[in-house]
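The following exercises concern local geometry and packing in a single protein model.

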Amino acid sequence: CLALMALKRLRKEWSQWNEEGPEGSTNPLKSLGTFEEERRLWTLEPQPTDDPESPNYFTWLAALQVSRGPFSGATFVYSITFPRDYPFKPPKMKAQFAGYPVSFEEVEAGWHVYMIPPGAAARQRRKGLVTGAAPDQLTVRWCDGDGDANDTDEEEENTAHETVVSKAFWEDNGLVLGQSPSAAIYHPLLTCDGSFCCCGIDNKWAPQWSVVLCLSFARTVVEDPQPDDGDRPVPPDSSNTMCFCTCNPAACEDLRRSSSRWHQRARRRFFTEKGVVPLCIAATEAAGEARIGIRCTSLAGTLLGELEVDSLCIMEELEETVHDQIPLKDGGIAWKIVLPDGSCMSEDCRYRTDLDALTATLAENAGVSSLSPATRIALLMALSAVQ
């Protein structure tokens with residue numbers, strides 16, 4: 001009986017989401033106040049089945065087109081599972097995929113993609129691991145369940161299968177999402193796969209709420225994180241408060257120290273090389289022993305700007321100064337700093353190396369009392385890529 005009530009309620013919410021009610025009728029989904037915005041940013045549908053006329057109303061697929069923050073331009077996909085006693089118990093949201101639109105030519109072996117597999121009767125998008133790439137086709141290992149397509153143990157052998165995706169099929173598939181092997185989600189409220197704590201939904205849930213509350217909460221998590229746990233209004237400026245829990249302490253600390261630093265770091269780690277622009281830097285003498293000059297040029301040698309930094313800064317602070325003072329062209333998301341020896345600044349060195357401590361050791365080894373500021377920064381840059 002409860003399952004039938006839940007099914008009736010879910011069909012009604014689906015109809016209201018599509019605004020299929022009689023003209024002039026009241027739509028309860030609009031009570032939260034963000035209905036139109038959620039409809040604009042979320043793509044929502046009951047899970048397809050082999051019978052296109054009978055979708056699974058107890059599992060919905062929700063894809064968020066992120067509009068703000070470091071993940072702007074990406075799409076986060078979640079499944080929403082409704083219990084049989086819905087709406088008396090809350091639904092559960094689970095991360096399915098996080099990626100961005102990609103072309104066939106961009107994808108290489110090791111990438112993950114999210115698309116409809118060839119021959120899929122239900123026409124349902126799935127996550128797949130690209131295991132082989134050729135000019136006109138890709139080999140993709142699909143996962144039919146919640147497991148990872150990377151898994152090769154016996155338990156997953158029955159759920160994962162490989163198919164060949166031709167370039168023609170890809171181009172007829174519509175929007176395809178991809179994620180490079182090195183992409184990572186670096187976010188205070190999200191885990192590495194895009195999951196978040198649902199206690200805010202669980203603690204606030206009441207039968208009068210609808211799926212719109214879940215969507216508004218999830219969008220707030222992704223687009224508007226704060227570095228501390230606690231209750232916040234959803235939607236903003238409303239009296240409805242919900243609990244938010246941190247999942248990544250390092251990202252929280254970065255956001256607490258500098259929102260622009262976290263924004264740049266999170267965007268670069270997720271989008272990797274997409275939109276990253278090379279910037280060549282070299283040290284020059286500057287007035288005063290405590291300051292050094294940095295000359296910034298393009299790969300072609302065009303001067304893009306000059307700046308000064310504290311000679312005792314760490315590489316992380318140098319990178320932040322570069323991003324703050326050297327403007328990016330349209331389409332660029334971050335600078336990739338190229339060191340004087342032609343190599344790129346390493347991730348490990350960028351966040352940990354202390355210029356003063358390292359160059360003091362270099363001076364001692366060289367048998368001199370100190371190094372000039374320009375020499376100090378040039379030596380550090382040359383060594384940072386190989387540390």
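**Exercise 1: A loop residue**

S298 is placed in the loop between β13 (291-297) and β14 (303-310), where helices (H or I, at least four residues) and strands (E, at least two) are DSSP runs numbered from the N terminus. The model is predicted: local features need pLDDT of at least 70, side-chain atom pairs count only at pLDDT 80 or more, and totals for chains, interfaces and linings use all residues. Residues are numbered from 1 along each chain as its sequence is written, and side-chain values use heavy atoms, with hydrogens and water left out.

Task: decide whether S298 is buried or exposed, and state which residues S298 touches.

Solution. Step 1: buried means under 20% relative accessible area, exposed over 50%, and partly exposed in between (1.4 Å probe, protein chains only). Step 2: the relative accessible area of S298 is 18%, so S298 is buried. Step 3: with residues up to four places away in sequence not counted, S298 touches C280 and L304; contact means heavy atoms within 4.5 Å.

**Exercise 2: Aromatic pairs**

Task: classify the ring pair of F270 and F271, and determine the burial of F270 and of F271.

Solution. Step 1: rings of Phe, Tyr and Trp (its six-membered ring) pair if their centres lie within 6.5 Å; planes under 30 degrees apart count as stacked, over 60 as edge-to-face and the rest as tilted. Step 2: the structure holds 17 aromatic pairs. One of them joins W60 and F82, edge-to-face, at 5.2 Å centre to centre and with 65° between the planes. This pair links distant parts of the chain, 22 residues apart: W60 belongs to strand β2 (residues 56-65), F82 to the loop between β3 (75-81) and β4 (92-101). Both W60 and F82 are buried. Step 3: the ring centres of F270 and F271 are 5.2 Å apart and the planes are at 85°, so this pair is edge-to-face. Step 4: F270 has 0% relative accessibility and therefore counts as buried; F271, at 5%, is buried. Step 5: F270 and F271 belong to a cluster linked by ring pairs, together with F71, F76, Y100 and W111.

**Exercise 3: Charges over rings**

Task: state which ring lies under R232 and which under the charged end of R269.

Solution. Step 1: a charge sits over a ring if NZ of Lys or CZ of Arg is within 6 Å of the ring centre and within 35 degrees of the ring normal. Step 2: R232 lies over the face of F244, 4.7 Å from the ring centre. Step 3: R269 has its charged end over the ring of Y186, at 4.2 Å from the centre.

**Exercise 4: Cis peptide bonds**

Task: locate the cis bonds that join Y86 to P87 and V234 to P235.

Solution. Step 1: most peptide bonds are trans. Step 2: the bond between Y86 and P87 is cis, with omega about 10°, and P87 lies in the loop between β3 and β4. Step 3: V234 and P235 are joined by a cis bond with omega about -5°; P235 is in the loop between β10 (230-233) and β11 (241-244).

**Exercise 5: A helix pair**

Task: describe how the axes of α7 and α8 cross.

Solution. Step 1: axes are lines fitted to C-alpha atoms, for helices over the stretch in contact, and angles run from 0 to 180 degrees between N-to-C directions. Step 2: the axes of α7 (residues 249-257) and α8 (residues 259-271) come within 5 Å and cross at roughly 135°. Step 3: α7 and α8 are therefore oblique to each other, given that angles under 35 degrees count as roughly parallel, over 145 as roughly antiparallel, 65 to 115 as roughly perpendicular and the rest as oblique.
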